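Colleague: I am new to this structure and would like to go through it with you. Could you put it on the screen?

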Amino acid sequence: MTACVKVAAVVTASLVGALSIGAPAVAFATDTNSGIELLTADANKDFSNGKATQATGGTLSEGKITAVANGNVIDIKVSQVKTATGHAETIDTKYSQSIVKADSEGKPTGEYVSKIVDPGKYCIEIKALAGDYKGAVIYVPVSVTAKEFGNIDVYEVNPSNNADLNDKNYYFTGSSLKLGITNDGVEMTEGVDYEVKFLKSGSSIDAAGVEVKDADTYYAVVTGLGKYAGQEAKLKDFQVKPFDLHANEVKVEVDPVIASNALPSASRVYRTDGKYVTELDPSFVKLTLDSGIFSDATAYQFTAARADEKNENLTDGTKSVTVDKYKEEGTVLYDGEALPSTFETNLADKKPVTFDKSKVTAVYGKDNTAIGTVKLTVSDSEGTVVSADGTGTWNKTPGVYTVKVLATASDHSAAAVDTCTVTVKAKSVDADANVYVKYGDKVVTDVTVDFGTAVSPDNFTVHGVDGEDYEGLNDSLTKKLYNAKGEEVTSATDAGVYTLKVTSSKYELTGTTEVKVTVNKLDLSNVKIDGDAVDTKFGFTYVKVGNVALKGLNLKYLQGVDDNSNGKLDDWKQFNKIDKTFKEIDGVKSVWQKLDEKTGQWADVNQVSANETGKFRCVVSPMNDSVTKNVSFATAEGTVFEFYVLDEDLKYADVLPTDWWFNSVNDADGLMNGYEGTSIFGAQDKLTRGQVAVILYNMAGGRNSELLPEGSYNEIFGWTSFDDVNGKEYYGKAIAWAKKAGVVNGYSDGTFRPDNDISREEFACMLANFAKKFNAFQGVDVDEVLDDYTDGASVSDWAKESVAWAAKNKIMGKTGSITPASMITRAEAAAMAVDSSLRLDK
């Protein structure tokens, strides 16, 4: 196929219609200002192609900066750059420095971040705000590597002492064991420094993780996060042992039975190994009366054994237990009144009122007879007994404790059991100065997310700065989430406003102790498609399909929150593939449809087949009315996004799928070009006679040169044709050929007038001449054809045969009128040339 020659650059508006087809590129002189612009561009390029030569915060070598993550912000600043030509430029206040994430090759992605903390690839973007290089930008590569793991080990968390990292004895308890990880003996924070997967010994490292609960042998796979990102360690096997009821270290406690014939159950089962206490879920133990009937108020002997004889998590052992039964239930008193359910002590008070064991008594009966023996057992917030008799310094040590009171009469006449939660707080602590709440890796005072992102207390990390006067602040902090009604919730799911409240079991927190959590309604009023084949040009979205079915077409919505922390609310988030419905949002569906151009109706589709083109849309809508409390749409019916599927890229800003001439202009490729140096085809511009000659010349393809014998061209005048035709212009050769071929005619004065506009009937004549030349013309009944058109009688006599032939062959007049005298546009010419089916170049 003979390709069109490029059009020369457009200089003035009057030339736009003329410089269109087949013209060789022409160099136009530039003005003096363009020289200045070129000098500026060269200077900017010199700066942008330079390298950093001085920087702080990392190690600089060959223009690249490296650093090792340590969990803190890595403050990298570039202080000097050497340009490509060797000039040393100081990076001062004339320059801005920003941090941009980089891809795997170290190239900037355009995603800005406020700081560098985690390992990864980044760029320092240095932009000249003033000076000789104003507007220039240089990107300095930054590579942050992870901190390496040392000796990684696992331990069981000691509920009575979080600082103890040495408990390596693991027993079955009935619950998942709470395990921690150390690195070179130092505690690491799960979710910040690492994530861990526990596996049973012998299983594949790629298997799904399991709970460390049953008596078995396990190992762990630790994957680094944050400063350790990319690190991985496999821990050696460790064993969870069965719980041995028969062991001397094991105790089984049973609350007294009061005024009841119901057989008792164990209230507490535990073993003590030095300073470590292991609590077994008492439901795994059953009690069996050794002999007799459980009726009188007296002491009985029971045998404790595993409740399920086949449960291998407990050994097949027993323990003898004494259970006391009492005739009447009494009341526990504190300072003469009923024992309160809660008791609070603030050690910061000048005279703090502490829980006093001596004030605890018990009575029964109408006469309030005293119950002689009163025993207090105190447990901390983890359930670990810190005092077996109520004595000690626990009531002067900050924390939350459960005081269990057991009062018994020696003659089994009465007993009383009750509990009180005692909160011992130390001094007041200013939360604004000493307590930080993080959401992810960012310290926050409020959090805003879109619906679809559930927020739970586990998403927050609360950190207290321990001080000399408030030791253990960090470990004492707890967090709970409440809805707008003040009810505690496990997560903020529905749209609305929630509150995360931070409290301390040891200290009175003052200042700001709450974080506002806002869940926005998900705004699906604005959606778009995305994918490798999706492109946007001239404000128009389209998808390019090839000779295989289209895949990877995604639907995205505009987020209402700055998830990427780049200061923008224009981040698009992916929802689903073309062949799936919305899975992460209950009650929302997306339907993909194609327009049937014949009926004007939309039909559902789930794929775009190979070489399939047309108009498509996605409709995102609510499946029920309740969805709208969390999701908003463009209308009550939903949100619609329309796009086109094309088999080629958009080339021209004035040739879009919505234009009637879209297919015609694209099909005319090779016959007609757009304006050189622009994205304009000039679809509505008038067509000139010289341009028509080029169209016909290009249509002839390989048949055009045979009509141009030697001597048709000379170096002085170019191609010889008509007196007023410059043979060296872009249309010179085409007009010479067209004259020789007889497909164009001049005027009676011997001129051709190549820059004159041409009418529709003139163009029809030229096409007819072309058809005759190449034996593709068949005569028609002129009057019969033209009589079918309202303006058929207005066709010039000299053009009637050609216009009738064009109308009969659907080359013109398809709208019911011919408009023969109108000046033809370039879009109309493209349509007529294509519809004529006369092209010989293909």
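Colleague: How many salt bridges does a search of the whole structure find?

Modeller: The search finds 23 salt bridges, a salt bridge being a side-chain nitrogen of Lys or Arg within 4 Å of a carboxyl oxygen of Asp or Glu. Please note that this is a predicted model, in which local features need pLDDT of at least 70 and side-chain atom pairs count only at pLDDT 80 or more, while totals for chains, interfaces and linings use all residues. Residues are numbered from 1 along each chain as its sequence is written, and side-chain values use heavy atoms, with hydrogens and water left out.

Colleague: Which residue forms a salt bridge with Asp-255?

Modeller: The partner is Lys-404, and the closest N and O atoms are 2.5 Å apart. This pair links distant parts of the chain, 149 residues apart: Asp-255 is in the loop between β18 (250-253) and β19 (257-258), and Lys-404 is in strand β33. Helices (H or I, at least four residues) and strands (E, at least two) are DSSP runs, numbered from the N terminus.

Colleague: Is Asp-255 buried, exposed or partly exposed?

Modeller: Asp-255 is partly exposed because its relative accessible area is 29%. Buried means under 20% relative accessible area, exposed over 50%, and partly exposed in between, with a 1.4 Å probe and protein chains only. Lys-404, at 27%, also counts as partly exposed.

Colleague: What about Arg-271, which residue does it form a salt bridge with?

Modeller: Arg-271 forms one with Asp-273, the closest N and O atoms being 2.9 Å apart. Arg-271 is buried, since its relative accessible area is 6%, whereas Asp-273 is partly exposed at 21%.

Colleague: And what is the partner of Asp-669?

Modeller: Asp-669 forms a salt bridge with Lys-651, with 2.8 Å between the closest N and O atoms. These two residues are 18 apart and link distant parts of the chain: Asp-669 is in the loop between α4 (662-667) and α5 (689-700), and Lys-651 is in the loop between β55 (639-646) and α4. Asp-669 is partly exposed at 35% relative accessibility, and Lys-651 is partly exposed at 36%.

Colleague: How many residues are between β31 and β32?

Modeller: There are five residues between them in this hairpin, and Gly-383 in the turn has a positive phi of about 90°.

Colleague: Let us change topic. In what order do the six strands of the open sheet come?

Modeller: The order is β47-β48-β55-β53-β51-β52, with mixed pairing. The edge strands, each pairing on one side only, are β47 (534-537) and β52 (601-605). Four bridges join β47 to β48 (residues 540-544), and these strands run antiparallel. Asp-535 stands opposite Tyr-542 in β48.

Colleague: Lastly, how many disulfides does the structure hold?

Modeller: It holds zero disulfides, a disulfide being a pair of cysteine sulfur atoms within 2.5 Å. As for individual cysteines, Cys-420 is buried at 1% relative accessibility, and Cys-618 is buried at 0%.

Definitions and conventions:
Pairing = 2+ DSSP bridges.
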